[in-house]
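Please keep the model open beside the text while reading.

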Amino acid sequence: MTDILPLMTRAADRTAHLIETTSEERFALPTPCAEYDVRALIAHLEWVATLFEQMAEGGPMPEQGPYSGDFRPRAERMLAAWERPEAWEGVSSGMGLPMTVLARMCLGDLIVHGWDLAVATGRPYQVDEEEAARLLEFAEEMGPTGRKMGAFGDEVAVPADAPPLERALGLLGRDPSWRP
């Protein structure tokens, strides 16, 4: 499963670039996550990086804090934690899920919330075929469970011939045609 690490790295870098090029004037814009404006979404992404760093290190579930403007260093620490072979072994004490599932969740969070930020701020968002395929595989496998747990919204109908990223977004409760 460590073949996901390069995908996580690309997604984290793409997300960091989006965050770093988002002006504060855009922080109040709505996002596809109804509970978050852009500022809150970035704060959530900061927490996501810390969460998956902690999980990779066998640490406790962190509390989500306010926006701090430090996503990139958090993402770098998260990726360094996943570079350790033992990060991929066993079950997370914080979530009770196999570590390989957590890595896939991390990739999903980075891609989906990166897409959220891009469309909220009127920018294009591109992932490569492998990232889209992995996200779609994860969404097909974990979507129903995630919806039951309240982690994902209701499935959004997307044409069967839509690109893999759009199909994954729909399975995870996002409307690929959402615009502010």
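Which residues does Trp82 touch, not counting residues up to four places away in sequence? In this predicted model, the contacts of Trp82 are Leu5, Met8, Phe52, Ala56, Ala87, Trp88, Met99, Leu102 and Ala103. Trp82 also has a place in the largest nonpolar core, which holds 59 residues and in which Met8 and Trp82 touch the most other members. Two or more residues of this core come from each of helix 1 (5-20), helix 2, helix 3 (71-82), helix 4, helix 5 and helix 6, and the largest share, 14 residues, is that of helix 4. As a general background, nonpolar side chains in soluble globular proteins tend to be buried together.

## Aromatic pairs

The count of aromatic pairs in the model comes to 3. Another edge-to-face pair is formed by Phe138 and Phe152, whose ring centres are 6.4 Å apart and whose planes stand at 85°. This second pair links distant parts of the chain, since Phe138 belongs to helix 5 while Phe152 sits in the loop between helix 5 and helix 6, 14 residues apart. Phe138 counts as buried because its relative accessible area is 5%, which is under the 20% limit.

## The largest pocket

The largest pocket has a volume of about 800 Å³, and 29 residues line it, with Met105, Asp109, Gly150, Ala151 and Phe152 lying nearest its centre. The elements that supply two or more lining residues are helix 2 (38-56), helix 4 (99-120) and helix 5 (129-148). Helix 4 gives the most to this lining, with 5 residues. Sorted by class, the lining of the largest pocket contains 18 nonpolar, 8 polar and 3 charged residues.

## The second largest pocket and helix 6

For the second largest pocket the volume is about 340 Å³, and its lining consists of 19 residues, of which Trp115, Tyr125, Gln126, Leu165 and Glu166 are nearest the centre. Helix 4, helix 5 and helix 6 (164-171) each give two or more residues to this lining, and helix 6 gives the most, with 4 residues. The lining of the second largest pocket divides into 12 nonpolar, 2 polar and 5 charged residues.

Helix 6 can also be followed through its buried residues, which are Leu165, Ala168, Leu169, Gly170 and Leu171. These buried residues pack against helix 4 and helix 5. Beyond the helix comes Gly173, whose phi is positive, near 90°.

Leu135 lies in helix 5, and it counts as buried because its relative accessibility is 2%. Leaving aside residues up to four places away in sequence, Leu135 touches Gly108, Ile111, Val112, Leu165, Ala168 and Leu172. By contact, then, Leu135 meets Leu165 and Ala168, which are among the buried residues of helix 6. Leu135 and Met78 are 57 residues apart in sequence, and their C-alpha atoms are 19 Å apart in space.

Asp116 is a residue of helix 4, and its relative accessibility of 0% is why Asp116 counts as buried. With residues up to four places away in sequence again set aside, Asp116 touches Pro32, Cys33, Leu41 and Arg174.

## An exposed glycine in a loop

Is Gly90 buried or exposed? Gly90 lies in the loop between helix 3 and helix 4, and it counts as exposed because its relative accessibility is 51%, where the limit for exposed is over 50%. Gly90 and Thr100, which are 10 residues apart in sequence, are 8.4 Å apart in space from C-alpha to C-alpha.

Note on methods: Residues are numbered from 1 along each chain as its sequence is written. This is a predicted model: local features need pLDDT of at least 70, side-chain atom pairs count only at pLDDT 80 or more; totals for chains, interfaces and linings use all residues. Side-chain values use heavy atoms; hydrogens and water are left out. On a 1 Å grid over the protein atoms alone, a cavity is a set of points where a 1.4 Å probe fits but cannot get out, and a pocket is an open set with protein on both sides within 12 Å along at least five of seven lines; lining residues have an atom within 4 Å of a point. Grid points are joined across faces, edges and corners, and a volume is the space filled by probe spheres set on the points. Ala, Val, Leu, Ile, Met, Phe, Trp, Tyr, Cys and Pro count as nonpolar, Asp, Glu, Lys and Arg as charged, and the others, Gly among them, as polar. Buried means under 20% relative accessible area, exposed over 50%, partly exposed in between (1.4 Å probe, protein chains only). Contact means heavy atoms within 4.5 Å. A nonpolar core is a set of buried Ala, Val, Leu, Ile, Met, Phe, Trp, Tyr and Cys residues joined through side-chain atoms within 4.5 Å. Rings of Phe, Tyr and Trp (its six-membered ring) pair if their centres lie within 6.5 Å; planes under 30 degrees apart count as stacked, over 60 as edge-to-face and the rest as tilted.
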